[in-house]
Amino acid sequence: MAEVGVGAPGASAATRPGRSSDEPAARQPRGLRSGRGRERLLEVCFLVPAAVYMVLFFGYPVVKNLMMGFQDYTTATFFTGEAPWVGLRNYSAVVGSSIFTKALLNTALFTVGSIVGQFVLGLAIAVFFHRKFPLSGVLRALLLLPWLIPLIAASAVWRWILDQDNGVLNRVLDALHLTSSHPGWLTSTSLALIAVIGVNIWIGIPFNTTILYGGLQDIPEELYEAGSLDGATRWRAFRHITWPLLRPVVTVVLVLGVVYTLKVLDIILGLTHGGPANATQTIATQSYNLSFSQYDFGQGAALGNILIVISLVFAVIYLRVNRRAVDE
Amino acid sequence: MSAATALPATVGAPAARVPEKKSRRPWWATVVGILLIALLLFPLYWMLNVSLQPAGSAVDTPVLPFHLSFDGYRTAIDQQSQNLLTSLVVSLGSVVVSLVVATPAAYAMSQFRLRGVGVLLFAILISQMIPGIVIANALYSAYNDLGLLNSIPGLILADASAGIPFGILLMRAYMGSIPPSLVEAARVDGAGQIRAFFSIVLPISRNALITSSLFTFLFAWGDFLFALTLTTSDDVRPITLGIYQYIGTHVSDWSSVMATAVIASLSAVVLLVFAQRFIAAGVTGGSVK
């Protein structure tokens, strides 16, 4: 696996291939003078802080979590220091729980719904902004705002917008005579997941738009000119020129979207706290609940590990995509 | 962007149609654009609107704050100023830690041919897949043993877990385009590896450093998960947790909740206004690379 990575950094720097051949030659004499070993050691030192940090704040938690998944790790552990090994009991408890199936389904619906919504709307807005018009730059910058503010601040305002009795959404729906029944967007078990997905789409649109807009800008204008001579305009131009050339960017956006959406916690905790009756409970929020509401860190870890496995499947896709993007 | 503007001059005859087409982008595009952004930003307007309403009048909030009131802000400042300060200290600390850790690594990864580079890059990419809750779950017990729960340094270090990988990826991409001859020239003049780094590499990479700092600040400022899990008392309480506590109970005074949300969102607004080009660079740079 290390070999895969080693190729990547070299290929990404445009200057690299030409340099790597003459670099050793340039370094050799100086190396001989001042001690090549010392030079190497100094170079390694540049990497040390980052490597140590990655080990402590990513490596250690993953290993620790894997172990905790097999342990009876509760608040008592913090007093006694004992966390007896229980084999697969945490996993069987977590998977056997009635919430698990629901959380798994919710996670899938939340992820797919969010990604599809963010992507389709993000792409449509990116295409809209692709050809400049007065104020387009300012408007594009403003679009980023929802993505830059703290998620919990966004959740707070949506909580109030979606409020059943006094929320502005229901008041507007009322005024437009679309519905007068005042749906409980966050309190009804059948609507809460839809509402949470809607808010998450709103948060994700800026990111999708910005990346896709960048991808669109990279498509050479000549292609559209050539295409228009062949009669490819509008939809046909989009299908035959834009879409194929945008594909690599699309893949990156989608995979990153999935990976990020799987771990979303802020929005759900802020809007519904997983409720009502677990209607918006996902694997991530349930893992949080087990650890930090029920103080069963072992079960929380077990569920967290299941989430890692799901993410890893996409990680493999991501790395392959990334590698392809880097190779180009 | 530059390709599109440079094109008409270079392509000649067939391009004559293009500028005509481009300039013909009609005025209604601007109208549609404004309506679209207005719709998308409506929740933020609503946040501001409610924050300026008198306390208690949140039922049937008027579309405009006709009875302009800053009571919400007064309450918010009274109750949350300590939390805002905590957030500011944690975020700035996180920026410093991230820069110190990420910048040399990014440089080494882009310019040195070391065996560890590939492993580290691989680890960074993989780290993006690790859910925050997994990290929080394990850090909680470690922090408990180390006495780092409810501490500013604890939060700074945990919050840097977003900024460090991001900063390394972003700055590595940028530093990869520094011509090695620049550094080589300094070395020939007798500068050591470390002096070359400080006097050549860092000044050239200024923009990447700024972008990476801005995003690290926003990540830490908006952090909710670590604030929620790694603090258990009121001593150290970032602003995000202050908002969460507000909405965790039955809310009777939405104007002060929204005032707090507005204050918490101000950092993003300020950065977007004053550092827009860095923000735009960060969104694309850190994610695609």
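Student: What percentage of the 328 residues in chain A is made up of buried residues?
Tutor: This is a predicted model. A residue is buried if 20 or more other C-beta atoms lie within 10 Å of its own. Among the 328 residues of chain A, the buried share is 41%.

Student: How many helices and how many strands does chain A have?
Tutor: In chain A, residues 24 or more positions apart provide 68% of the contacts with a separation of 6 or more. The elements of chain A that lie along this sequence are 16 helices and zero strands.

Student: How are helix 6 of chain A and helix 11 of chain A oriented to each other?
Tutor: The axes of helix 6 (residues 98-130) of chain A and helix 11 (residues 192-217) of chain A come within 6 Å and cross at roughly 40°. The crossing is right-handed. Its contact residues comprise 17 nonpolar, eleven polar and no charged. Angles under 35 degrees count as roughly parallel and 65 to 115 as roughly perpendicular, and the two helices are therefore oblique.

Student: What percentage of the residues in chain B is buried?
Tutor: Chain B has 14 helices and zero strands. Residues 24 or more positions apart account for 74% of its contacts with a separation of 6 or more. Of the 289 residues in chain B, the buried ones make up 48%.

Student: Is M171(B) buried or exposed?
Tutor: M171(B) belongs to helix 7 (residues 152-175) of chain B. Leaving aside neighbours within four places in sequence, its contacts include A102(B), T103(B), S205(B) and L209(B). Because M171(B) has 28 C-beta neighbours inside 10 Å, it counts as buried.

Student: How far apart in space are M171(B) and L64(B), C-alpha to C-alpha?
Tutor: In sequence, M171(B) and L64(B) are 107 residues apart. In space, their C-alpha to C-alpha distance is 44 Å.

Student: Which helix of chain B gives the most residues to the side that touches chain A?
Tutor: The contact between the chains takes 99 residues from chain B and 96 residues from chain A. On the side of chain B, these divide into 71 nonpolar, 23 polar and five charged. With 13 residues, the element that gives the most to this side is helix 3 (residues 27-51) of chain B.

Student: Are helix 9 of chain A and helix 13 of chain B roughly parallel or roughly antiparallel?
Tutor: Helix 9 (residues 151-161) of chain A packs against helix 13 (residues 254-274) of chain B at an angle of about 150°, with the axes 9 Å apart. Angles over 145 degrees count as roughly antiparallel. The pair is therefore roughly antiparallel.

Student: How many residues of the contact of helix 9 of chain A with helix 13 of chain B are nonpolar, polar and charged?
Tutor: The crossing of these two helices is left-handed. Helix 9 of chain A contributes A153(A), A156(A), V157(A) and W160(A), while the residues from helix 13 of chain B include W254(B), M258(B) and S265(B). The contact residues divide into nine nonpolar, one polar and no charged.

Student: Which element of chain B has the lowest mean pLDDT?
Tutor: Chain B has a mean pLDDT of 84, and 87% of its residues reach 70 or more. Over residues 1-23 of chain B, however, pLDDT stays under 50. Among the elements of chain B, helix 11 (residues 225-229) has the highest mean, 95, and the lowest, 32, belongs to helix 1 (residues 2-11) of chain B.

Student: What ipTM and pTM does the model score?
Tutor: These two scores are given for the model. They are ipTM 0.86 and pTM 0.85.

Technical notes:
Residues numbered from 1 in each chain as written. Chains lettered and ligands numbered in written order. Predicted model: local features only at pLDDT ≥ 70, side-chain atom pairs only at ≥ 80, totals over all residues. Axes fitted to C-alpha atoms, helices over the stretch in contact; angles between N-to-C directions. Helix = DSSP H or I, 4+ residues; strand = E, 2+ residues; numbered from the N terminus. Left-handed = near helix turned anticlockwise from the far one by under 90°. Contact = placed C-beta atoms within 7 Å. Nonpolar A, V, L, I, M, F, W, Y, C, P; charged D, E, K, R; others polar. pLDDT = per-residue confidence, 0-100. Buried ≥ 20, exposed ≤ 12 C-beta atoms within 10 Å, placed from the backbone.
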